[in-house]
Structure formats: C-alpha cells, structure tokens
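Dear colleague,

Please find below the structure that I am handing over to you. My notes on it follow directly after.

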Amino acid sequence: MTQLHPTVQRPAERFVDGVKRTTAAVRGRLRPDGATLLPSVVIIGGQRCGTTSLYSYLSEHPSFRPALVKEVHYFDTHFHHGLDWYLGHFPRASSVPPGVITGEASPYYLLHPAVPARLQAVLPDATLLVLLRDPVERALSHHRHEVAKGHETLSFRDAVAAEDERVQADLARLAVDDGFTSFAAQHYSYVTRGMYAEQLERWEAVVGRDRLKVINADVFFADPDTVYNRVLQEVGLPPHHLSDYVARNTYRRSPMDEDLRSQLAERFAPSNARLGRWMGDEPLGWTEP
C-alpha cells in the first residue's frame with residue numbers, strides 16, 4: 001500500500017472525517033440513490049498545456065457527457081461548497097444510456113498540495129490525465145493569459161522575479177489549511193507550475209502511479225488523433241475519430257528575451273531531468289539550457 005507523505009496525511013484525515021458518510025457513499029460510479037454519474041476521468045493539469053483542447057475532444061465522444069463547466073475547481077478553490085455542490089455539476093444517471101461516462105478538467109489541481117488527498121477520498125477510481133509542455137513556453141503562455149484576463153500588471157521578467165515572494169508562503173499554507181484559498185498561488189505560479197516532477201511525485205504518493213496518465217503536449221498537438229484515441233482506451237471508451245482537431249484556447253507565440261529564456265531553461269533543467277526519469281527516461285524534446 002502506498003504510504004501518504006506527511007505533508008498530505010493530516011489534510012486527508014480531516015477531510016475524510018468531515019464527510020465520512022458521504023465519502024463512503026460515493027465509492028462507485030453512482031451515488032447510492034443512482035442519481036448522479038460520478039466522474040470517471042479528471043484532467044488535473046497542467047495549465048496552458050492543452051487541457052481545453054483535450055477536454056473539448058472528449059466532449060465530442062458520443063459516450064462522454066461533460067460537466068456543466070469544464071473547470072469545476074471543487075477540490076481546490078470551491079472545496080468549501082461541499083460534495084453535493086460538486087456532484088451537481090454532473091449528469092443524472094437517468095438522463096444517459098448505459099456505458100456513458102463523465103469527467104472534468106481543472107488544471108490547478110496538479111499544483112494545489114491538498115487536492116490529491118481530497119480527490120482520492122471521493123474519486124478513488126477515476127483516471128487522472130496530466131498534460132505537460134516545455135515549462136519555459138508554459139510559463140510565458142501562463143503570463144500572457146493572466147495579463148489578458150486583467151489579473152497581472154507586472155512584466156514577465158518582473159513577475160518571475162517576484163514569484164517566490166508572492167506564491168511560496170501561500171502554497172505551504174494550502175497544504176495544511178483546508179479553509180484557505182490563494183489567488184497568488186493560482187494565478188502567479190509561472191515557474192512553480194513548471195516543476196512537474198515534484199507535483200507528480202506528490203500525486204503519486206497519494207493515488208499511486210498507475211492512475212496518472214502523463215501526455216507530452218507537443219506529441220498531442222503533433223498527432224492529436226492518435227493521442228486522443230489512446231486516452232479513450234485509457235478511460236474505457238471505444239475509438240472515435242473527429243473530423244477536425246482544432247486547438248482550443250491558444251495564444252500566438254511571442255518572442256522572449258533570450259537571456260531570460262536561458263535563465264529559465266537552466267532553472268527548469270533539474271526538474272526536467274527528474275521528470276524524464278519518472279517517465280522512464282522518455283525524451284521530452286524540450287529545449288535544454
């Protein structure tokens with residue numbers, strides 16, 4: 001049996017004790033009353049790595065029903081609403097034919113330190129999909145996204161320089177305080193989210209490695225039909241081929257200062273190497289410093 005890491009053990013126990021009867025009641029695909037179809041697949045990250053595209057493609061499968069919104073964010077920012085609120089985002093079992101599944105995609109789940117234990121308590125059998133891309137490009141795309149949303153006023157260079165002061169204390173508190181949410185950790189974690197190996201290891205300690213299905217976003221966008229059908233196989237759905245694999249929620253690439261790019265590539269290099277080992281020495285194809 002996988003041993004929980006000490007940093008997530010206490011939040012997991014509090015959560016289970018807090019909703020003990022409800023958690024025990026949702027161990028299968030349906031709630032005991034048969035009313036709600038539980039998520040069989042959750043895209044947990046990473047942000048700006050193709051999660052919107054993959055979820056859109058899943059939603060076009062005839063045996064998949066999407067949640068009311070793609071990013072439910074129950075296990076991170078809306079945990080205080082309670083389990084019934086979460087389950088209300090998914091189809092009623094009576095409204096779908098046998099064999100249909102549902103799921104959601106909330107890319108902040110991968111980073112948030114309390115989410116693995118929370119999700120494991122409610123969805124112990126769900127397949128967990130993780131899309132990853134070159135963390136340097138991901139960080140820049142993330143920054144452009146936050147600027148476009150009106151959340152960020154700093155330049156990319158200044159935001160990266162300010163990140164540790166903005167984010168790290170909040171991430172530590174998120175691991176131990178169930179009632180705490182952090183705007184900074186969610187929106188300003190440009191470099192931190194790109195430390196993929198550390199996040200996957202934290203998830204593995206709680207849910208096990210077999211449930212984590214990691215997808216290189218570069219491979220996904222180069223051959224979306226093949227990757228899409230591999231995902232369908234993982235989640236137990238029959239093959240399906242779309243007429244068009246249009247990329248969703250994308251931004252045009254813009255130049256980055258080469259000195260800053262080199263600094264970031266060097267900063268990510270140890271985590272990238274660790275990720276490669278975690279994935280069985282699979283070549284990532286990302287730029288080296």
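Which residues of H3 are buried? They are Thr51, Ser53, Leu54, Tyr55, Ser56, Tyr57 and Leu58. Helix H3 is thus mostly covered, with seven of its nine residues buried. Please bear in mind throughout that this is a predicted model.

Backbone features

The loop that lies between strand E1 (39-45) and helix H3 (51-59) holds glycine 46. A cis peptide bond joins glycine 45 to glycine 46, with omega at about -10 degrees. Arginine 48 is also placed in the loop between E1 and H3. Although arginine 48 is not a glycine, its phi is positive, at about 60 degrees. With a relative accessible area of 11%, arginine 48 is buried, because buried means under 20%.

A further positive phi, again of about 60 degrees, belongs to histidine 73, which is not a glycine either. Histidine 73 sits in the loop between strand E2 (64-66) and helix H4 (83-87). Its relative accessibility is 10%, so histidine 73 counts as buried. As background to these entries, most residues other than glycine have a negative phi, and most peptide bonds are trans.

Nonpolar cores

The largest nonpolar core has 56 residues, and Tyr86, Tyr109 and Trp203 have the most contacts inside it. Helix H9 (residues 196-207) supplies the largest share of this core, namely six residues. Apart from this core lies another one, of 23 residues, including Ala139, Val160, Tyr190 and Val191. In soluble globular proteins, nonpolar side chains tend to be buried together.

When residues up to four places away in sequence are not counted, tyrosine 86 touches Pro39, Val72, Tyr74, Phe75, Glu104, Tyr109 and Leu123.

Helix H9

The 12 residues of H9 should span 16 Å at 1.5 Å a residue, and the end C-alpha atoms are 16 Å apart, which agrees. The buried residues of H9 are Tyr196, Ala197, Gln199, Leu200, Trp203, Ala205, Val206 and Val207. After H9 comes glycine 208, with a positive phi near 85 degrees.

Helix H12

At the start of H12, a side-chain oxygen of aspartate 257 comes to within 3.0 Å of the backbone nitrogen of aspartate 259. Just after H12, glycine 280 has a positive phi of about 85 degrees.

The buried residues of H12 are Leu260, Leu264, Ala265, Phe268, Ser271, Asn272, Leu275, Gly276 and Trp278. These buried residues pack against strand E4 (127-132), helix H6 (135-148), helix H7 (156-174), H9 and strand E5 (212-216). An α-helix has 3.6 residues a turn, so residues three or four places apart point the same way.

Salt bridges

How many salt bridges does a search of the whole structure find? The search finds 12. Side chains of opposite charge can pair when their charged atoms come close.

One of the salt bridges is formed by lysine 70 and glutamate 71, whose closest N and O atoms are 3.0 Å apart. Lysine 70 counts as buried, at 17% relative accessibility, whereas glutamate 71 is partly exposed, with a relative accessible area of 34%.

Glutamate 137 and arginine 261 form another, with the closest N and O atoms 2.9 Å apart. Glutamate 137 lies in helix H6 and arginine 261 in helix H12, so this pair ties together parts that are 124 residues apart in sequence. Glutamate 137 is buried, with a relative accessible area of 11%.

Arginine 209 forms a salt bridge with glutamate 204, and the closest N and O atoms are 3.1 Å apart. Both partners are partly exposed: arginine 209 at 36% relative accessibility, and glutamate 204 with a relative accessible area of 22%. Finally, salt bridges that share partners join Glu137, Glu258 and Arg261 into one network.

With kind regards

Conventions:
Residues numbered from 1 in each chain as written. Predicted model: local features only at pLDDT ≥ 70, side-chain atom pairs only at ≥ 80, totals over all residues. Heavy atoms only, no water. Helix = DSSP H or I, 4+ residues; strand = E, 2+ residues; numbered from the N terminus. Buried < 20%, exposed > 50% of the residue type's maximum accessible area, 1.4 Å probe, protein only. Core = buried A, V, L, I, M, F, W, Y, C linked by side-chain atoms within 4.5 Å. Contact = heavy atoms within 4.5 Å. Polar contact = N/O pair within 3.5 Å; in protein donor to acceptor, adjacent residues only side chain to side chain. Salt bridge = Lys/Arg side-chain N within 4 Å of Asp/Glu carboxyl O. Expected span 1.5 Å × (residues − 1).
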